[in-house]
Amino acid sequence: MASDDSSDDEYWGSYTRTPQENFSIPSLGQARSEPWPGGRESEAAQLVGKEFFGGCSLSTTCSQDATEMETDATVSVDSQTFKLHNLLGFGSFGSVWMASCTASGRIIALKEVQSSSNEGMEAAMLEAKRLRALRELIQDDRACAALPYLVCAGTVLTSTGYRTLLAMEHIPGAPLQQALEAGQLCAHKLHPMAQAFRVAATMLGQISAAMCHVSSRFFHRDVNSHNILVQVMTGQLSFGLIDFGLAVDSEIWRAGGWRMAGAAGDGRYWTISSWLLFSRGTDALSADQDLQSEYANFIDLHSAGLSVLQTLAVLSKDGPLVPTCKEEEAAFLTMEHLGEVWKQYWCHASACWQQVLDAFNSDARNEIKVKLAEEMVHDTFAAYFVRLRVALEQALASFRCLPDTSGGSRVLGGPKLACGVLEALLIMISTGRPWRGQAGWKEVGQLLSEEKTGIASDASV
Ligand SMILES: Nc1ncnc2c1ncn2[C@@H]1O[C@H](COP(=O)(O)OP(=O)(O)O)[C@@H](O)[C@H]1O
Ligand SMILES: [Mg+2]
């Protein structure tokens with residue numbers, strides 16, 4: 001049975017650029033400030049008071065008409081002024097601009113969030129608090145993917161509602177999805193498959209280094225190829241992870257706080273448990289110990305794993321794969337198969353997610369949940385994840401057969417790097433069953449360490 005209570009559905013940030021005005025999904029702030037319904041989850045209720053979604057207070061509210069966001073406009077945020085340069089992208093509730101501090105000249109990214117309600121404004125300020133907390137969490141780890149630490153933030157009350165501005169570190173590069181589509185990550189000197197593994201390994205190394213820190217405090221909940229940025233500069237790849245608008249306190253989440261919020265983020269990167277929660281509600285997820293544990297612990301690991309696999313699949317099909325030995329031929333065949341299974345998964349996930357977005361945009365959220373529950377949507381996703389894992393295992397077995405001499409395969413080099421990437425993906429992509437023991441971000445990072453793979457995490461590609 002689908003849950004008939006839609007109040008936990010949250011805003012989904014990354015799929016569509018259109019602000020979803022014709023339906024209203026309660027914000028994080030709302031979920032936090034509302035009283036918990038009549039003792040439904042006493043454990044979760046106790047957690048509400050413990051800063052589940054945010055940190056300490058951070059707000060400058062004043063009443064004035066907001067300056068238009070446009071090139072060369074000057075805006076004030078919390079007593080600092082910034083000059084806007086160019087539009088970096090659209091957030092679902094406003095735009096993100098590259099700007100410079102008029103006093104110091106420092107380049108930053110300025111995110112605007114417009115909201116007509118107090119709750120929307122609170123949610124935006126909570127994002128600012130999370131970005132500030134990240135700075136306290138991570139001190140100068142150069143192996144890490146870049147993170148959008150907070151510079152300052154403030155809210156202005158205008159005649160039409162609230163405008164919150166978040167000034168944060170500017171992360172260079174383009175969204176991964178865009179970079180893949182534009183062919184920015186192809187290297188013409190290397191065999192496409194060797195390049196695909198080098199990009200995937202670098203991404204895994206930097207993202208896992210960042211997530212080792214981040215996960216001690218937050219679940220991001222919206223890791224995907226729109227929120228991972230990548231820059232290629234003189235052959236070096238630098239990744240960044242942005243958009244902490246849906247992040248939650250990880251300790252509280254694990255201890256049962258997950259019951260307080262609905263499935264969030266981009267459904268194409270969801271776990272089986274997210275689909276179960278979405279289609280059938282909290283009680284259905286609580287009834288399945290394994291899936292509950294997946295949801296409480298591994299959502300970011302899984303969605304990052306799918307983002308890396310997407311990168312690997314897109315880049316490795318990027319040219320003719322002409323083998324130079326028997327073992328190499330077997331490895332190419334298994335990778336081709338993996339690419340095929342990925343494509344099928346992606347078509348299925350995209351079609352499913354599009355149905356959800358269409359239903360929400362036409363005010364049919366309960367209907368789509370009932371439909372997906374009847375279709376056992378979580379089981380269909382489970383079947384795809386099983387197939388992806390089988391294909392990963394087969395690829396891993398074939399790469400293990402490649403000679404491990406210096407040079408190894410003529411086009412791919414030694415197999416260590418590919419094996420490290422494939423093993424890491426096997427830790428990350430979940431079928432909802434407890435096969436992975438204690439493995440997490442640390443183990444992923446270890447598999448991609450310089451001594452294991454022979455390349456530094458920031459090696460040129
Ligand atoms: N710190 C940043 N540095 C550089 N670009 C950014 C930064 N934050 C956001 N952007 C750009 O703005 C776009 C939208 O920002 P995001 O925070 O993901 O908004 P939303 O929450 O609506 O998804 C991103 O896809 C990216 O292109
Ligand atoms: Mg985003």
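A crossing of two helices counts as left-handed if the near helix is turned anticlockwise from the far one by less than a right angle, and as right-handed if clockwise. In this predicted model, local features need pLDDT of at least 70 and side-chain atom pairs count only at pLDDT 80 or more, whereas totals for chains, interfaces and linings use all residues. Residues are numbered from 1 along each chain as its sequence is written, and chains are lettered from A and ligands numbered from 1 in the order in which they are written. Helices (H or I, at least four residues) and strands (E, at least two) are DSSP runs, numbered from the N terminus.

**Helix α11 and its partners**

- Helix α11 (residues 326-361) passes helix α13 in a left-handed crossing, and the two pack at an angle of about 165° with their axes 8 Å apart; axes are lines fitted to C-alpha atoms, for helices over the stretch in contact, and angles run from 0 to 180 degrees between N-to-C directions.
- α11 and α13 are therefore roughly antiparallel to each other, a term used for angles over 145 degrees.
- Residues in contact (C-beta atoms, placed from the backbone, within 7 Å) include W342, Y345 and H348 of α11, and Y384, R387 and F399 of α13.
- The contact of α11 with α13 comprises 15 nonpolar, five polar and one charged residues, where Ala, Val, Leu, Ile, Met, Phe, Trp, Tyr, Cys and Pro count as nonpolar, Asp, Glu, Lys and Arg as charged, and the others, Gly among them, as polar.
- With helix α12 (residues 365-374), α11 packs at an angle of about 150°, the axes being 7 Å apart, and this pair is therefore roughly antiparallel as well.
- Q355, V356, A359 and F360 of α11 meet R365, E367 and I368 of α12, a contact with four nonpolar, one polar and two charged residues.

**Helices α5 and α10**

- Helix α5 (residues 192-214) packs against helix α10 (residues 299-316) at an angle of about 160°, with their axes 8 Å apart, and passes α10 in a right-handed crossing.
- Among the residues that meet are M203, L204 and I207 in α5, and V308, T311 and L312 in α10; by class, this contact has 13 nonpolar, three polar and one charged residues.

**Surroundings of ligand 1**

- Ligand 1 is surrounded by 21 residues, of which G89, G91, V96, A109 and D243 are the closest; a residue is near a molecule if its C-beta atom, placed from the backbone, lies within 6 Å of it.
- The strands β3 (80-91), β5 (107-115) and β7 (162-169) each supply at least two residues of this shell, and the largest share, four residues, comes from β3.
- By class, the shell divides into nine nonpolar, nine polar and three charged residues.

Conventions:
Two residues are in contact if their C-beta atoms, placed from the backbone, lie within 7 Å. Angles under 35 degrees count as roughly parallel, over 145 as roughly antiparallel, 65 to 115 as roughly perpendicular and the rest as oblique.
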